[in-house]
Amino acid sequence: MCAVTEEQIKKLFSYDIEAEKHAINMMLSGNDQEISSALQDRINLVAKKEAAIQAFYCILTEHERLVIKRHVVDGIDWTCLSAEFAQKWGAENAKSTRSLIYYKNRAFKKMAQFVETHRDIYDFSWIETL
């Protein structure tokens, strides 16, 4: 079950929340009527996705979080990300592509394990629709 959950979490991080929020705002600004139930569901789902991403960042180490933010979300390639590590923590702390991939894989595994161990407490059913 974790492998599927990891894939779904990867989809969550590739989702452009800002674009979705912009689209919703455009619909709201052009609509003087009440919010439809479908639009309210869309707003709620975006809010859940945004909250989940922020919560997942909290359980990651600084290195894992940086790899997810810069590589997965921003699309920075491994070479540039390695240079960012060297710039931030000094050349002696530069990371190889292999190390960065390890951080990425460990981060997704950690997030998937969090979902699995907290399913009884939090409603993660919406992740299954990704």
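**Salt bridges**

Glu-64 is buried, at 0% relative accessible area; buried means under 20%, exposed over 50%, and partly exposed in between, with a 1.4 Å probe and protein chains only. This is a predicted model, where local features need pLDDT of at least 70 and side-chain atom pairs count only at pLDDT 80 or more, while totals for chains, interfaces and linings use all residues. Residues are numbered from 1 along each chain as its sequence is written, and side-chain values use heavy atoms, with hydrogens and water left out.

Which residue does Glu-64 form a salt bridge with? The partner is Lys-110, with the closest N and O atoms 2.9 Å apart. That pair links distant parts of the chain, 46 residues apart: Glu-64 is in helix α4 (residues 62–73) and Lys-110 in helix α6 (residues 97–117). Helices here are DSSP runs (H or I, at least four residues), numbered from the N terminus. Lys-110 is partly exposed, at 26%.

A salt bridge is a side-chain nitrogen of Lys or Arg within 4 Å of a carboxyl oxygen of Asp or Glu. The structure has eleven of them.

Next, Arg-119, which is partly exposed at 25%. Arg-119 pairs with Glu-116, closest N and O atoms 3.2 Å apart, and also with Glu-128, at 2.9 Å from N to O. Glu-128 is partly exposed too, at 43% relative accessibility.

Finally, Glu-18, Lys-21 and Glu-50 are linked in a salt-bridge network. Glu-18 and Glu-50 are also among the residues lining the largest pocket. A pocket is an open set of points on a 1 Å grid over the protein atoms alone, where a 1.4 Å probe fits, with protein on both sides within 12 Å along at least five of seven lines; lining residues have an atom within 4 Å of a point. Helix α3 gives the most to that lining, four residues.

How values were computed. Helix = DSSP H or I, 4+ residues; strand = E, 2+ residues; numbered from the N terminus.
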